[in-house]
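Colleague: Please take a close look at one pair of packed helices in this model. I would like to know how they sit against each other and what lies around them.

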Amino acid sequence: MKAKSLARALAVCLWLLNLSLSPPAYGGARIDLVVEHGVDKEAETQVRSAINTTIDFFQNTYGLSLEKNIRVLAAPDKLNYKEAIKQWYGASDAMAGYQADRSVGLQSRGTIIVDLGERRNRHGKIFTLCHEIVHHYQSQESRDRHGAIRWMTEGVADVIAAHILETAGISGVDFKQRTLAILKRTQNWPKLENLHTPKDMEAANRAYGSGVTYGTAGLAVLTLVEWRGYQPLFAYFRALKNTSPEEAFYQAFGARVSDFEKQFRPF
Ligand SMILES: [Zn+2]
């Protein structure tokens with residue numbers, strides 16, 4: 001009971017602390033950041049820097065600006081994260097609890113909620129925030145068809161998030177080295193062709209662990225970036241608007257997705 005009333009009190013504080021980033025000069029929509037009471041100053045500074053670097057990356061790399069405003073809510077702990085999922089997404093208590101236990105960041109219809117309190121490693125939390133903002137751009141450019149090949153959706157979100165944090169100077173373990181270490185330790189990872197649907201991803205998360213599943217997706221996308229650069233990543237998501245995922249992949253990378261999936265080895 002005590003915890004619940006505390007959450008309510010903080011939910012009220014949330015509106016008092018509503019802060020807005022100034023709109024980018026290119027005139028697109030903006031990202032509103034809401035920092036809940038309890039998030040420390042350094043975390044807030046890093047979150048702002050990560051958001052600005054993300055906006056710059058998409059503008060400079062792809063000429064993309066946001067079409068609709070994004071709201072980002074930074075929660076200081078798991079309890080407030082769960083409450084925010086209920087309040088902002090209209091989720092039931094049970095659903096919010098389920099989601100809160102299994103994630104540190106969520107994105108739905110332009111509202112991103114990130115839990116800045118659970119993980120010891122703050123880099124990981126801000127990484128998750130950037131990952132979710134990348135999903136927002138994917139959704140915008142593909143007209144919500146970005147989830148067609150899940151390892152692409154998740155791998156691109158991770159690879160761009162890692163690049164953004166590095167650009168913003170938010171220190172953390174090197175994405176490629178860390179991911180390679182995870183996969184080398186297990187010597188067992190899912191095949192890309194078995195990571196196409198959300199159900200595939202869930203099954204792989206259960207069988208291999210999410211670190212290995214997302215790591216496989218991330219290393220596959222890094223291979224594409226090392227091969228063709230960042231440009232084709234969003235050529236792919238743009239093409240999804242009008243064509244099949246196979247054709248979109250071919251248009252973007254000049255290779256058949258099935259061939260790439262067969263040939264890919266993480267190391
Ligand atoms: Zn994701």
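Modeller: The place to begin is the contact itself, in what is a predicted model. From helix α5, the residues His123, Ile126, Phe127, Cys130, His131, Val134, His135 and Gln138 meet a set in α6 made up of Thr153, Val156, Ala157, Asp158, Ile160, Ala161, Ala162, Ile164 and Leu165. Sorted by class, this contact between α5 and α6 holds 11 nonpolar, 5 polar and 1 charged residues.

Now the geometry. Helix α5 covers residues 122-142 and helix α6 covers residues 150-168; their axes are 8 Å apart and the packing angle is about 125 degrees. Because angles from 65 to 115 degrees count as roughly perpendicular and those over 145 as roughly antiparallel, α5 is therefore oblique to α6. The two helices, α5 and α6, cross in a right-handed way.

Leu224 belongs to helix α9, residues 210-228. Leu224 counts as buried because it has 23 C-beta neighbours inside 10 Å, and the cut-off for buried is 20 or more. Apart from neighbours within four places in sequence, the contacts of Leu224 are Pro232 and Phe253.

As for the setting, the chain has 12 helices and 5 strands. Of its 267 residues, 40% count as buried. Among contacts with a separation of 6 or more, 66% join residues 24 or more positions apart.

Notes. Residues are numbered from 1 along each chain as its sequence is written. This is a predicted model: local features need pLDDT of at least 70, side-chain atom pairs count only at pLDDT 80 or more; totals for chains, interfaces and linings use all residues. Helices (H or I, at least four residues) and strands (E, at least two) are DSSP runs, numbered from the N terminus. A residue is buried if 20 or more other C-beta atoms lie within 10 Å of its own, exposed if 12 or fewer, and partly exposed in between; C-beta atoms are placed from the backbone. Two residues are in contact if their C-beta atoms, placed from the backbone, lie within 7 Å. Axes are lines fitted to C-alpha atoms, for helices over the stretch in contact, and angles run from 0 to 180 degrees between N-to-C directions. Angles under 35 degrees count as roughly parallel, over 145 as roughly antiparallel, 65 to 115 as roughly perpendicular and the rest as oblique. A crossing is left-handed if the near helix is turned anticlockwise from the far one by less than a right angle, and right-handed if clockwise. Ala, Val, Leu, Ile, Met, Phe, Trp, Tyr, Cys and Pro count as nonpolar, Asp, Glu, Lys and Arg as charged, and the others, Gly among them, as polar.
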